[in-house]
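Visitor: I would like to learn how to read a few features of a model. Could you walk me through them?

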Amino acid sequence: MYTLIIANKNYSSWSLRPWLALRAADIPFTEQKLGFFTEAFTRQVGAVSPAGLVPVLLDGDFAVWDSLAICEYVAEQHPEARLWPKDAKARARARSLAAQMHSGFGALRQAMPMNVEAHLPGISLPEAAQQDISRLHAIWQDTRAEFGQGGPFLFGAFSIADAFFAPVVSRFTTYGITAAGPVRDYMDAVLALPAMQAWMREARAEATFVPEDEPYRKHR
């Protein structure tokens, strides 16, 4: 069975992506959670990942780090899960969008860090972050229109592309970003996923989570 090493669910957008893909596809795995800001995090992650970052997937003694690499590995190991669309053009688009999210939208990430438990509407956002928000709305709307027949997600059925945008949906919820029409429908579909519901519920419960080396410190 796989082991997925993650960090605090309230904050770790990178951990959410492969966790959601695995959970939504009903692929068994064991979760190992390490608290940010702890010696245990640096020590244990550094022992299995040269990057020293989460997430890390362990398949026996073989480690895969980086959220996109983990999702690609799992999709190849479990083709029956159909974590990428079947159609070649849809699959290429889904990979393009996941890679775009993986490497882009830096202004949004900086201005709107993931914080599941918080409710922070009305904060002042820089112009670059507002542009990222508009770009994401357009991506979701256009992709749903072109490829979204047959289901509520970007490519109809849930895919890795949705897993990569799930932390953005969480951010938009935290910061009260206005959404309507197809964009709102898409966000509601992601938020209604049982796996996403489980992540958010567990993130809100992390006040009781005490890392190995020091008390867990909440930040709003």
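Visitor: Is G151 buried, exposed or partly exposed, and why?

Guide: First, some ground rules. This is a predicted model, in which local features need pLDDT of at least 70, side-chain atom pairs count only at pLDDT 80 or more, and totals for chains, interfaces and linings use all residues. Residues are numbered from 1 along each chain as its sequence is written, and side-chain values use heavy atoms, with hydrogens and water left out. Buried means under 20% relative accessible area, exposed over 50%, and partly exposed in between (1.4 Å probe, protein chains only). G151 has 23% relative accessibility, so it counts as partly exposed.

Visitor: Where is G151 found, and which residues does G151 touch?

Guide: Helices are DSSP runs (H or I, at least four residues), as are strands (E, at least two), numbered from the N terminus. G151 sits in the loop between α6 (127–147) and α7 (160–174). Contact means heavy atoms within 4.5 Å. Leaving aside residues up to four places away in sequence, G151 touches R144 and G156.

Visitor: How do the axes of α1 and α7 cross?

Guide: Axes are lines fitted to C-alpha atoms, for helices over the stretch in contact, and angles run from 0 to 180 degrees between N-to-C directions. Angles under 35 degrees count as roughly parallel, over 145 as roughly antiparallel, 65 to 115 as roughly perpendicular and the rest as oblique. Here the axes of α1 (residues 13–24) and α7 come within 8 Å and cross at roughly 130°, and α1 and α7 are therefore oblique to each other.

Visitor: Which residues of α1 and α7 meet?

Guide: From α1 come S13, L16, R17, L20 and A21, which meet A163, F164, A166, P167 and R171 in α7. The residues of this contact divide into 7 nonpolar, 1 polar and 2 charged. In this scheme Ala, Val, Leu, Ile, Met, Phe, Trp, Tyr, Cys and Pro count as nonpolar, Asp, Glu, Lys and Arg as charged, and the others, Gly among them, as polar.

Visitor: At what angle do α1 and α9 pack?

Guide: Helix α9 (residues 194–204) packs with α1 at an angle of about 135°, their axes 9 Å apart. That makes α1 oblique to α9.

Visitor: How far apart do the C-alpha centres of domain 1 and domain 2 lie?

Guide: Domain bounds come from an automatic or database domain assignment, which here gives domain 1 (2–81) and domain 2 (88–200). Their C-alpha centres lie 21 Å apart, and 21 residues of domain 1 are in contact with 21 residues of domain 2.
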